[in-house]
Amino acid sequence: MSTFLDHQNWRYATKKFDSTKKISTEDLNTLKEAIRLSSSSYGLQLYKVFIVENPELRAKIQPAAWGQSQIVDASHLLVFANQTTVTDEDIDGYLKNVATTRNIPETALSGYGDFMKGGIGAKSDDEKANWTSKQTYLALANLLNAAAELKIDVTPMEGFVPAQVNEILGFNELGLNASLIAPIGYRSEEDATQHQKKVRKSNEELFITL
């Protein structure tokens with residue numbers, strides 16, 4: 001049976017996808033659940049994940065991603081979009097969900113709500129946007145790990161122009177910003193990168209014990 005580390009050694013940032021291979025509905029649902037279960041600060045999950053299947057939309061996004069072929073060739077294209085701000089309503093909605101899920105009164109959570117509102121409210125608009133953007137990377141990590149276990153390839157991308165993707169997908173009107181793009185699917189046999197040795201720092205270079 002493959003181990004977690006076997007999966008990590010198998011995966012790489014795929015450079016060329018096989019456009020004829022599609023992810024099954026069952027596997028896609030597994031990936032979605034892995035993203036949904038990701039950790040996030042306070043548990044707030046202040047982002048949306050757009051699954052772009054429409055080929056016309058993907059063709060429009062491709063130039064905004066420096067023409068990279070993965071955008072149009074992968075089975076699915078995931079766009080992680082962080083909220084550009086955080087409101088008290090976001091926090092109240094989360095607390096309501098907690099109360100419903102755990103069957104406790106919302107009043108029991110009011111102190112925690114005030115704590116969150118005070119800490120988050122003290123941030124500037126830029127700090128809030130930067131903070132919510134970082135949360136999408138936690139969700140991406142879960143996607144990478146779950147996909148590797150299913151032998152599904154993922155190419156995490158920061159190589160795109162967020163403003164252009166925001167315009168194409170209408171994110172500005174939704175108070176969202178494209179922070180990450182992740183084409184998912186199956187590697188092409190023509191992608192020579194898959195045969196190259198993985199290059200990482202040694203333990204001695206990377207880790208410091210104090």
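**View 1. Strand E4 and its partners.** Strand E3 (residues 153-154) pairs with E4 in the antiparallel sense, over two bridges. Helices (H or I, at least four residues) and strands (E, at least two) are DSSP runs, numbered from the N terminus, and two strands count as paired if DSSP finds at least two bridges between them. This is a predicted model, so to speak of local features we need pLDDT of at least 70, while side-chain atom pairs count only at pLDDT 80 or more, and totals for chains, interfaces and linings use all residues. Residues are numbered from 1 along each chain as its sequence is written, and side-chain values use heavy atoms, with hydrogens and water left out. Look for Val 154, whose bridge partner in E4 is Ile 184. Strand E2 (residues 76-83) also runs antiparallel to E4, joined to it by eight bridges, and here Val 79 has Ile 181 of E4 as its bridge partner. E4 itself (residues 176-185) is mostly covered, with nine of its 10 residues buried; buried means under 20% relative accessible area, exposed over 50%, and partly exposed in between (1.4 Å probe, protein chains only).

**View 2. The nonpolar cores.** A nonpolar core is a set of buried Ala, Val, Leu, Ile, Met, Phe, Trp, Tyr and Cys residues joined through side-chain atoms within 4.5 Å. The largest one has 20 residues, and Phe 80, Leu 143 and Ile 184 have the most contacts inside it. H2, E2, H7 and E4 each supply at least two residues of this core, and H7 gives the largest share, six residues. Zoom in on Phe 80 and you will find that it touches, among others, Ile 35, Val 49, Leu 140, Leu 143 and Leu 180, leaving aside residues up to four places away in sequence; contact means heavy atoms within 4.5 Å. A second, separate core has 16 residues, including Val 52, Ala 65, Phe 160 and Ile 181.

View 3. The 12 residues of H2 reach 16 Å from first C-alpha to last, close to the 16 Å expected at 1.5 Å a residue; the expected span is 1.5 Å times one less than the number of residues. Asp 27, Leu 28, Leu 31, Ala 34 and Ile 35 are buried in H2. Seen down the helix axis, these buried residues fall within an arc of 120°, so they line one face of H2; the arc is that of the directions from the helix axis to the C-beta atoms. Strand E1 (47-52), E2, helix H7 (125-149) and E4 are among what covers them. Turned away from that side are the exposed residues Thr 25, Glu 26 and Arg 36.

**View 4. Helix H5 against H6.** In H5, the buried residues are Ile 91, Tyr 94, Leu 95, Val 98 and Ala 99. They fall within an arc of 140° seen down the axis of H5, so they line one face of the helix. These residues pack against helix H6 (110-121), whereas Glu 89, Thr 100 and Thr 101 are exposed on the other side of H5. Just after H5, Asn 103 takes a positive phi of about 55°.

**View 5. Thr 14 in its loop.** Thr 14 is found between helix H1 (4-10) and helix H2 (25-36), and is buried with a relative accessible area of 0%. Its side chain makes a polar contact of 3.3 Å with that of Asp 153. Such a contact is a pair of N or O atoms within 3.5 Å; within protein, one must be able to donate a hydrogen and the other to accept it, and residues adjacent in sequence count only if both atoms are side-chain atoms.
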